[in-house]
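Subject: Structure for your review

Dear colleague,

Please find below the structure that I am handing over to you. My findings follow it.

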Amino acid sequence: MVVTALTLASRHLPPSGTRLLPATGPVGRLRDAALRSLVAGVSRRMLAPQVNRVRAEAGLPQRVNGSLDDAYSPQLVLAQGVPGLDYPRPDLPAHVHYVGRLAPAPQPGALLPAWWPELAAARAQGRPVVHVTQGTLDVDPDDLLRPTIAALTGRAPLVVATTGGAAESVLEPVPDNVRVARFLPHDQLLPLVDVVVTNGGWGGTLAAVQAGVPLVVAGATLDKPETGRRVAWSGVGVDLRTGSPSGARIGRAVAQVLTDPGFRRRAGELGAALTAAGGVRAAADLVERLLVARTSDGAA
């Protein structure tokens with residue numbers, strides 16, 4: 001199972017991690033090919049020994065190239081997402097399957113804050129609701145939470161900020177149009193939200209899109225830049241291309257997403273595609289099919 005955006009190498013794409021979008025012309029394709037060759041050479045020299053040491057400890061055969069592709073199963077890859085949230089991949093291997101969003105079942109009875117009814121009331125009044133989150137890993141409030149709050153202070157949106165586990169007091173004092181919680185259930189929150197401002201965690205991004213909510217992404221670590229590029233590429237939101245944007249940039253991006261219906265329309269289209277992809281049930285069927293095929297091959 002892939003818990004990030006799919007980074008499997010393709011001869012049609014630049015190497016993952018370069019923060020480049022796919023080329024659209026012959027010069028760009030030459031650039032991407034040169035970068036793929038360069039990254040492959042570096043991987044063989046620097047990454048292969050470490051990868052093969054881990055594989056040997058697990059009793060697995062050695063690999064020559066040592067690229068990050070070695071982390072993908074050669075038999076079955078369950079990629080969270082849908083093709084519309086990824087770049088075009090004409091050479092996608094047959095054993096790679098987009099299965100939508102793999103998420104736990106909603107938990108009924110979640111404890112909600114006292115201000116929760118204000119969200120539905122805001123929507124009923126035509127007032128936008130903006131949710132800002134930094135996930136649960138990179139949770140410095142100065143990166144995204146405080147700049148977003150500052151950008152939207154005194155403006156129309158009702159802002160819902162989640163701290164990723166830190167005490168709500170980390171953001172105090174907050175303006176009158178801001179509500180804060182440590183965590184909130186996405187299955188209940190996102191249907192009441194107009195825009196999500198996020199650092200680009202793949203799981204949260206898929207949750208927003210499946211709910212038909214467009215995004216503003218500001219991420220700079222781990223897989224976050226790859227998420228931001230795909231959000232912009234697919235048309236479901238804006239990529240700020242930094243992990244610590246200014247309040248002014250966030251404010252402009254939120255305004256852009258709120259005023260351009262194309263973002264929400266595209267999020268609705270891809271949200272429907274995520275649901276149609278089957279999620280956990282589709283993934284389970286694929287795993288069962290693989291197990292049956294391997295059992296049959298062994299019996300033969």
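Overall form

Please bear in mind that this is a predicted model. The protein has 300 residues and a radius of gyration of 21 Å, which agrees with the value near 19 Å that a compact globule of this length would have. Along the principal axes, its C-alpha atoms fill a box of roughly 65 × 45 × 35 Å. Nine helices and eight strands make up the secondary structure. Of the 300 residues, 44% count as buried. Among contacts with a separation of 6 or more, 60% are between residues 24 or more positions apart.

In soluble globular proteins, nonpolar side chains tend to be buried together. Here the largest nonpolar core holds 30 residues, of which Leu85, Leu119, Leu215 and Val236 touch the most other members. Two or more residues of this core come from each of helix H2 (117–124), strand S4 (158–162), helix H5 (202–210), strand S7 (215–217) and helix H8 (261–276). H5 provides the largest share, five residues. A second, separate core has 23 residues, including Val132, Ala151, Ala218 and Phe263.

What does Val236 touch, not counting residues up to four places away in sequence? The list is Leu85, Val209, Pro214, Leu215, Val231, Phe263, Arg266, Ala267 and Leu270.

Helix H5 and its surroundings

The buried residues of H5 are Trp202, Thr205, Leu206, Ala207, Ala208 and Val209. They pack against helix H4 (186–189), strand S6 (195–198), S7, helix H6 (224–234) and H8. Just after H5, Gly212 takes a positive phi of about 80 degrees.

Leaving aside neighbours within four places in sequence, Gly271 is in contact with Val209 and Gln210. Gly271 has a relative accessible area of 2% and is therefore buried. Gly271 also lies 10 Å from Gly84, C-alpha to C-alpha, although 187 residues separate the two in sequence.

A buried loop residue

Asn177 is placed in the loop between S4 and strand S5 (178–181). Is this residue buried or exposed? Asn177 is buried, because its relative accessible area is 6%, under the 20% limit. Apart from neighbours within four places in sequence, Asn177 is in contact with Arg127, Leu152, Thr153, Gly154, Arg155, Pro157, Leu158 and Val159.

Salt bridges

The count of salt bridges comes to 13.

Arg31 and Asp32 meet through their side chains at 2.7 Å, N to O. Arg31 is partly exposed at 32% relative accessibility, whereas Asp32 is buried at 1%.

Asp194 and Arg123 form a salt bridge at 3.6 Å, N to O. This pair links distant parts of the chain: Asp194 is in the loop between H4 and S6, and Arg123 is in helix H2, 71 residues apart. Asp194 counts as buried at 15% relative accessibility, while Arg123 is partly exposed at 31%.

Glu269 and Arg266 form a salt bridge at 3.2 Å, N to O. Both lie in helix H8, three residues apart, about one turn of the helix. An α-helix has 3.6 residues a turn, so residues three or four places apart point the same way. Both partners are partly exposed, Glu269 with a relative accessible area of 42% and Arg266 at 27%. Arg266 is also among the residues that Val236 touches.

Finally, Asp86, Arg89, Glu226 and Arg230 are linked in a network of salt bridges.

Surface

Leu38, Val42 and Met46 make a nonpolar surface patch of about 290 Å². Met46 lies in helix H1, residues 26–57. With a relative accessible area of 58%, Met46 is exposed, since the limit for that class is over 50%.

Yours sincerely

Methods. Residues numbered from 1 in each chain as written. Predicted model: local features only at pLDDT ≥ 70, side-chain atom pairs only at ≥ 80, totals over all residues. Heavy atoms only, no water. Core = buried A, V, L, I, M, F, W, Y, C linked by side-chain atoms within 4.5 Å. Buried < 20%, exposed > 50% of the residue type's maximum accessible area, 1.4 Å probe, protein only. Helix = DSSP H or I, 4+ residues; strand = E, 2+ residues; numbered from the N terminus. Contact = heavy atoms within 4.5 Å. Patch = residues over 30% accessible without salt bridge, like charges linked within 9 Å, V, L, I, M, F, W, Y side chains within 5 Å. Areas by Shrake-Rupley, 256 points an atom, 1.4 Å probe, with all protein chains shown as cover. Salt bridge = Lys/Arg side-chain N within 4 Å of Asp/Glu carboxyl O. Rg over C-alpha atoms; globule rule 2.2 N^0.38 Å.
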